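Here is a short note for someone opening this model for the first time. Please keep the view at hand while reading the points.

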Amino acid sequence: MEIIVKFNGDIFSAAASVGAQAELLSQDYAILELPAENLPLLQPLTEIEDIELPKQFYLATSFQLTSSCIRPVQNELGLTGRGVIVAVIDSGIDYTHPDFRNEDGSSRILYLWDQTIAGNPPRGFREGTEYTQSELNAALSQPDPYTVVPSRDWNGHGTAVAGIAAGNGRASSGRNTGTAPEASLLVVKVGRGGADSFALTTELMRAVKYTVDKARELKLPAAVNLSFGMNNGSHKGNSLFEQFLTDMADEWKLSIVVPTGNEGSAGHHYSGTVEAFTPKEIGFFTAPGLERFYLSLWKNFTDSFGVELIFPDGFSSGVVNLESPQKTVRRGNLVLTVLYGQPSRYSIDQEVFFNVRSDSGVIPAGLWRLRLVPGEIVDGRIAVWLPTLEEAGNQTYFTEPSLYNTMTLPAGADKVIRVSGYNDRLGSIADFSGAGSETNTLFMPDIAAPAVNILAPGPGGGYDSVTGTSFAAPFVTGSAAVIMQWGIINGNAPYLYGERIRAYLRLGATRTPGFRYPNATFGYGRLCLAQSLAQSLAQSLAQSLRSLVTLPFADAHSVRL
C-alpha cells in the first residue's frame with residue numbers, strides 16, 4: 001500500500017527500517033510504499049511527523065472568451081500566454097488534435113507524462129512513461145501516431161480542459177481559441193490503474209511535483225490546472241494533500257487553479273448541531289446500483305457521542321463510540337466499517353468515517369438513517385458528506401441537505417485559486433457549482449468563470465459542448481498564464497505570480513451592483529481578464545513612480561510619491 005507522510009531527517013533510512021520504499025516529493029513530504037501489515041511499525045519512527053492514506057479524486061465532469069474579457073487582451077494587447085507553461089493534470093490529452101499543434105504540424109506539448117503506461121518514467125519517479133516533444137513530433141509524422149506514442153485520452157476531460165486553457169483553434173481555422181493559445185503545454189495523465197474517472201491523491205502529488213520540477217528546469221513560469229474534486233475530508237484545507245499543494249505553490253513561479261466542484265445542488269452535504277444527551281437522526285437515500293459508498297462525519301473533538309447506522313431494512317449497526325473506535329458489521333452481502341479518527345497536526349476536529357461496500361452484487365437502494373447518540377457536548381456543530389456525484393450519482397442525497405460548504409477538495413488549500421461556475425448567458429451561478437461558506441471568507445470561491453455549454457476540443461479532432469466547474473477552472477488557468485506573460489516574460493512585473501495573480505483576479509472581477517461580495521457562490525465576482533490586467537498595469541506604474549521620484553524639501557526632509 002501507499003501512504004503520504006510528512007517527515008524530517010533521513011526518510012530513506014527510516015523507511016528501510018520497516019520494509020518500506022520512500023519516494024521523495026519535497027524536503028518535507030514523501031510517499032511510502034510498504035506491506036499493509038507493516039503500517040503499525042511507522043508509529044515509533046521519530047522521522048515521521050504525520051501520515052495520511054491516499055484517497056480517490058474524481059474528475060469534476062458534468063470558449064466564453066468575450067464574457068470573461070479575454071478577447072480584447074488577445075486582439076488588442078497581443079497577449080496569448082507565449083513563454084508560459086500551462087500544465088494540465090488530468091485524464092490525458094489527444095496530442096494529435098490540431099489545437100495542440102503549431103502551424104507546421106509540430107506539437108505544442110513540451111512533455112507528456114502518462115502515469116498509466118509502464119516503461120520509461122521521468123527521472124526521480126517509478127511509474128509511467130514520459131514522452132518528450134521530439135518523441136511526440138516523431139509520432140505525429142507517422143500515419144498512425146499511436147503506434148509510437150500510445151497515450152490516449154479515453155475520457156476526453158483533459159483534452160477539453162487543455163483546449164479551454166490553451167487551445168489555438170487550428171481545427172476551426174482560428175475561431176475556437178482557448179484563453180492562452182500560444183502557451184506551451186505540459187500534460188500529466190494521472191492514474192496507474194487504467195481508470196479514466198478518478199486518481200489517487202498520491203498520483204496527483206507526483207504530478208504536481210513533476211510539474212514544478214519541469215517548470216523550474218525550463219526556467220518558465222507555469223499555470224497549473226487541477227480539475228479534480230472529492231468530498232472525503234473536512235473541507236477546511238487541513239488534509240496532508242492540501243497542505244502539500246499549499247507548500248508547493250511557494251516552490252516556483254506558479255499559480256495553481258482548482259474548481260469548486262459540481263456538488264452545489266447534489267444534496268451530498270449535511271450541516272447541523274447536536275445537543276447533550278439528545279439523540280438525533282440524519283436521513284439519506286442511496287441510488288440503485290452502488291457497490292460502495294462512504295459517509296465522512298466531522299465533529300469537535302471535545303464533543304462525545306456514539307454513532308449508529310440503520311440500514312434500509314431496519315437493521316442496526318449498533319452504537320459505536322470512542323470506547324470501541326473501530327467496528328466492522330456484516331449484513332448479507334454488505335460490509336460496514338466505522339472508524340473514529342484522531343486530531344492531526346493540522347486539524348483539531350475529529351472524523352468518524354463510515355464505509356459501506358458490497359462483497360457481491362450491489363447495495364440495496366433506499367433510505368438510510370445515521371443516528372447520533374450524544375453524551376457531553378461542548379460545541380455541538382457537525383458536518384457530514386456523502387461521495388460526489390461522479391462517485392454516487394444524483395439519486396444519493398441527504399433528506400435535508402445544506403447548500404453551503406459544498407466546495408470539493410482541494411479547494412480548501414490556502415494558496416490555490418478557487419473557481420466556481422456560472423452561466424454566462426444568464427449571468428447566474430450554475431446550480432451545480434460548489435458553494436463556499438456563508439460567512440467565512442477564508443472558505444469562499446475566489447472568482448467565477450463560465451461553466452455551462454462550453455465549446456471545447458474533443459478526442460478525434462473536433463469540438464464538443466461540455467458543462468461543469470472543471471471547465472470553468474481552465475479559463476482562469478489560461479488567464480493566469482496571460483498575466484504572467486505580461487508581467488514576467490515581458491518584463492513589466494517580474495514577481496507577478498502566485499498570490500499576486502489571485503489578488504489581481506479578485507480585484508479585476510466584474511461585480512453586480514447591489515450584491516454583497518465576496519459571497520459563497522461568485523466569490524469576488526466574475527472573471528474579467530482585461531480589468532485584472534488593467535489593475536496590474538496601474539499598480540505596476542504606481543510602483544515605478546514611487547521608486548523613481550523623490551521631491552526634496554529645504555529642511556532636508558523628502559516625500560516620496
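1. Start with strand 4, which gives the most to the lining of the largest pocket, with 5 residues. Bear in mind that this is a predicted model. The volume of the largest pocket is about 1400 Å³.

2. Which residues lie closest to the centre of the largest pocket? They are I51, E52, L53, K55 and E351, out of 42 lining residues. Strand 4 covers residues 48-52. Four other elements also give two or more residues to this lining: strand 5 (56-59), strand 16 (292-300), strand 19 (334-340) and strand 20 (349-358). By class, the lining has 20 nonpolar, 14 polar and 8 charged residues.

3. Strand 14 (269-273), strand 16 and strand 22 (381-385) each give two or more residues to the lining. Strand 22 gives the most, with 4 residues.

4. Now the packing. The largest nonpolar core holds 63 residues. Y95, V419 and V476 touch the most other members. Helix 8 (residues 473-489) gives the most to this core, with 10 residues. Another core lies apart from it, with 43 residues, including A199, A222, M230 and L254.

5. What surrounds V419, beyond its neighbours within four places in sequence? Its contacts are V257, V258, P259, T260, I447, A449, T469, A472, A473 and V476. One of them, V476, is also among the residues that touch the most other core members.

6. Finally, check N231. It is found in the loop between strand 12 (228-229) and helix 6 (240-248). Is N231 buried or exposed? N231 counts as buried because its relative accessibility is 1%, and the cut-off for buried is under 20%. The side chains of N231 and H235 are joined by a polar contact of 3.2 Å. Not counting residues up to four places away in sequence, N231 touches E263, H268, Y294, W385, L386, P387, T388 and T408.

Terms used: Residues numbered from 1 in each chain as written. Predicted model: local features only at pLDDT ≥ 70, side-chain atom pairs only at ≥ 80, totals over all residues. Heavy atoms only, no water. Core = buried A, V, L, I, M, F, W, Y, C linked by side-chain atoms within 4.5 Å. Buried < 20%, exposed > 50% of the residue type's maximum accessible area, 1.4 Å probe, protein only. Contact = heavy atoms within 4.5 Å. Polar contact = N/O pair within 3.5 Å; in protein donor to acceptor, adjacent residues only side chain to side chain. 1 Å grid on protein atoms, 1.4 Å probe; cavity = no way out; pocket = protein on both sides within 12 Å on 5 of 7 lines; lining within 4 Å. Points joined across faces, edges and corners; volume = space filled by probe spheres on them. Nonpolar A, V, L, I, M, F, W, Y, C, P; charged D, E, K, R; others polar.
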